[in-house]
There are 2 protein chains.
Amino acid sequence: MGTGNLVSLAVIGTIAFDSIKTPFGEERNIIGGSALHFASSASFFTDVGIVAPIGEDFDAKELDFLKERNVDLSGIKVLDGKTFRWAGKYGYDLNLAITLSTELNVLEDFEPHLPETYKYANFIFLANIDPDLQAKVIDQVKNRDAYVALDTMNFWIENKREALLDVIRRVDMIVVNEAELREISMEYNLIKGAKKLISMGPKTIVIKRGEYGVFMVNPDEVFLCPAYPLEEVFDPTGAGDTFAGGLMGYLSNVGTVSYDALKQAVILGCVMASFNVEDFGPKRMKSLTHREIKERYSSFRKCIEFGDLKL
Amino acid sequence: MGTGNLVSLAVIGTIAFDSIKTPFGEERNIIGGSALHFASSASFFTDVGIVAPIGEDFDAKELDFLKERNVDLSGIKVLDGKTFRWAGKYGYDLNLAITLSTELNVLEDFEPHLPETYKYANFIFLANIDPDLQAKVIDQVKNRDAYVALDTMNFWIENKREALLDVIRRVDMIVVNEAELREISMEYNLIKGAKKLISMGPKTIVIKRGEYGVFMVNPDEVFLCPAYPLEEVFDPTGAGDTFAGGLMGYLSNVGTVSYDALKQAVILGCVMASFNVEDFGPKRMKSLTHREIKERYSSFRKCIEFGDLKL
């Protein structure tokens with residue numbers, strides 16, 4: 001079993017240096033990546049372990065804030081070469097990221113290996129990476145009841161469609177945006193598209209709609225979650241991964257995937273994403289407190305709930 | 001006071017012949033227009049009177065379904081010439097109507113006159129017409145406590161900005177879409193834009209977001225309403241006006257504009273719009289029953305509500 005404690009939630013994805021330009025400012029070479037954003041959010045709720053590669057240029061101190069929240073970093077591998085880099089910009093429509101450059105670097109030859117202490121995790125999140133690698137991760141999982149969720153992107157849908165469909169058949173939940181759902185399912189209507197994916201295996205389809213919130217489709221239920229209303233959004237980078245981190249972190253915390261828990265998890269995910277976009281990179285996640293999270297969950301609920309008709 | 005009963009809710013807008021093409025079919029010269037769609041919806045909840053012009057080519061029998069629901073048609077004026085005509089089409093993004101042609105016809109010289117029995121209405125809806133005409137309607141209202149709501153469009157924002165801002169100062173509620181709010185307020189963020197309009201006079205800003213639902217901003221509260229999830233949307237024409245009809249019809253029914261009533265009214269408006277888009281023109285409004293409305297309100301609530309965190 002190796003040394004160390006078993007982790008409850010394992011995430012496989014990227015750690016990156018991001019350079020981001022928005023109408024509200026610019027930051028160069030700040031830490032980011034799907035696994036980092038996911039863990040920065042999930043670590044508020046559960047013990048999470050990261051599998052991702054970094055390059056020799058990555059200062060391990062940058063991850064101290066995760067260590068302080070008991071994130072297991074034993075799955076992070078230092079490889080020869082440079083860390084993955086992404087540069088992008090956003091206009092006023094913060095839903096739409098324009099990629100300016102991508103340097104894969106250490107990602108190019110990355111082969112994910114789950115540490116022994118991750119193989120018994122109850123929850124696994126496969127962030128957006130090559131579906132062949134996502135499948136290799138599932139092959140390593142030793143907990144046959146593990147709940148597995150998957151993210152992806154247009155590049156894999158277009159270039160590795162069959163591999164992606166194969167891995168979709170093996171997971172419990174899919175977390176994608178509207179365009180990705182339409183492209184995978186080849187259905188324009190979200191409910192029809194989600195039902196098509198459900199017929200392939202996954203029980204839950206979570207559709208991210210940026211500033212319009214989240215749409216969750218289960219075999220017999222649809223749940224509609226608006227986005228938390230913000231007056232200022234500084235940097236949407238990582239919103240999808242902090243959302244997924246809140247969602248999976250909560251499920252891992254309560255230890256159930258009942259429909260009630262799934263709904264609470266989606267709302268909590270939106271709350272976490274709403275904090276993340278308030279500052280560049282993971283800055284806001286570093287200063288965030290449990291108290292602020294609970295307060296925003298409550299105020300969010302007040303923005304959504306309504307009473308019976310008085311007819 | 002003239003003859004007839006006082007109406008509780010008066011709508012001033014258009015009656016039209018619409019020709020509509022969507023990916024799901026095509027209909028030519030079906031009845032439509034903002035006042036007709038609004039009244040077809042509001043009449044489920046309150047007694048409503050219409051002010052609108054029609055041409056000599058309009059067969060009064062077309063309005064029998066409204067008469068059967070006790071809609072007061074005494075404010076409809078038959079003018080020399082032809083009825084207003086609109087032709088438009090939609091692609092798969094049903095949020096976006098492409099206008100193919102507009103024939104103003106009798107609208108060109110329309111001067112709205114409220115029948116005496118409308119002047120004491122408790123609720124007034126100024127559908128999207130020239131803001132100068134909207135102001136003339138307000139001038140005729142004799143109930144000083146009347147609750148007045150206003151819709152508008154980009155054409156008036158761009159060509160009659162000052163007249164529009166003047167009438168905005170005189171109303172209680174504004175019902176617009178996202179782009180219109182941004183254009184009026186010159187703010188990209190919806191909350192900031194809504195607060196700017198609130199500082200001018202109106203207490204409530206209702207922002208329609210098509211398939212993403214509705215956003216309501218009051219001086220101290222924000223309410224988020226997703227759209228009712230549909231697998232089939234045939235024709236979005238009139239969705240905004242049936243929404244407003246449900247909203248204002250409900251407020252008129254319960255006789256209060258408390259925040260709780262406003263939230264229920266917004267949800268009910270979304271329910272009415274969700275029925276309207278299920279068929280072309282006002283067809284679905286004709287066959288709709290109170291029972292179906294109440295059932296959809298309840299099932300909508302089930303898609304939205306969620307519980308406390310179990311942390």
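Predicted model: local features only at pLDDT ≥ 70, side-chain atom pairs only at ≥ 80, totals over all residues.
## How the two copies are arranged

Let's start with the pair as a whole. Chain B can be laid on chain A by a rotation of 180° with 0.0 Å of shift along the axis, and the RMSD of that superposition is 0.0 Å. The two copies are thus related as by a two-fold rotation axis.

The contact between them fits this picture. Of the interface residues of chain B, 100% are also interface residues in chain A, so the copies meet through the same surface.

## The contact between the chains

Each chain brings its share to the contact: 31 residues come from chain B and 31 residues from chain A. On the side of chain B that touches chain A, at least two residues each are supplied by helix 7 (190-198), strand 13 (221-225), helix 8 (239-254), helix 9 (259-276) and helix 11 (290-304) of chain B. Helix 9 of chain B gives the most to this side, with 5 residues.

## The nine-stranded sheet of chain A

Chain A has an open sheet of 9 strands in the order 5-4-1-8-9-10-11-12-13, and its pairing is mixed. Strand 5 (72-78) and strand 13 (221-225) of chain A stand at the edges with a single partner strand each, so one side of each has no neighbour in the sheet. From one strand to the next, the twist averages 15°.

For an antiparallel pair in this sheet, look at strand 11 (residues 204-208) and strand 12 (residues 214-218) of chain A, which are joined over 4 bridges. Here A:Ile205 has A:Val217 in strand 12 of chain A as its bridge partner.

On either hand the pairing can be followed residue by residue. Strand 1 (residues 9-12) of chain A runs parallel to strand 8 of chain A, and 4 bridges join the two; A:Leu9 stands opposite A:Phe123 in strand 8. Strand 8 of chain A also pairs in the parallel sense with strand 9 (residues 147-150) of chain A, again over 4 bridges, and A:Phe125 stands opposite A:Ala149 in strand 9 of chain A. The chain crosses from strand 8 of chain A to strand 9 of chain A through helix 3 (residues 131-140) of chain A, and this β-α-β crossover is right-handed.

## The four-stranded sheet of chain B

Turning to chain B, we find an open sheet of 4 strands in the order 3-2-6-7, with mixed pairing. Its edges are strand 3 and strand 7 (97-103) of chain B; each has a single partner strand, so one side of each is left without a neighbour in the sheet. The twist here averages 15° from one strand to the next.

Strand 6 (residues 84-90) and strand 7 of chain B pair in the antiparallel sense over 6 bridges. Within this pair, B:Arg85 stands opposite B:Glu103 in strand 7 of chain B.

## A buried leucine in chain B

B:Leu150 lies in strand 9 (residues 147-150) of chain B. Why does B:Leu150 count as buried? With 26 other C-beta atoms within 10 Å, B:Leu150 is buried because the cut-off is 20 or more.

Leaving aside residues up to four places away in sequence, B:Leu150 touches B:Leu126, B:Gln134, B:Val167, B:Ile168, B:Val171 and B:Ile174. B:Leu150 and B:Ile12 are 138 residues apart in sequence, while their C-alpha atoms are 9.9 Å apart in space.

## Two asparagines with positive phi

Most residues other than glycine have a negative phi. Two asparagines of chain B are therefore worth a look. B:Asn29 has a positive phi of about 50° although it is not a glycine. B:Asn29 sits in strand 3 (residues 25-32) of chain B and is partly exposed, with 15 other C-beta atoms within 10 Å.

B:Asn70 also has a positive phi, of about 65°. B:Asn70 is found in the loop between helix 2 (64-67) and strand 5 (72-78) of chain B, and with 12 C-beta neighbours inside 10 Å it counts as exposed.

Note on methods. Residues numbered from 1 in each chain as written. Chains lettered and ligands numbered in written order. Least-squares fit on C-alpha atoms with pLDDT ≥ 70 in both. Contact = placed C-beta atoms within 7 Å. Pairing = 2+ DSSP bridges. Axes fitted to C-alpha atoms, helices over the stretch in contact; angles between N-to-C directions. Right-handed = clockwise from strand over helix to strand, strands pointing away.
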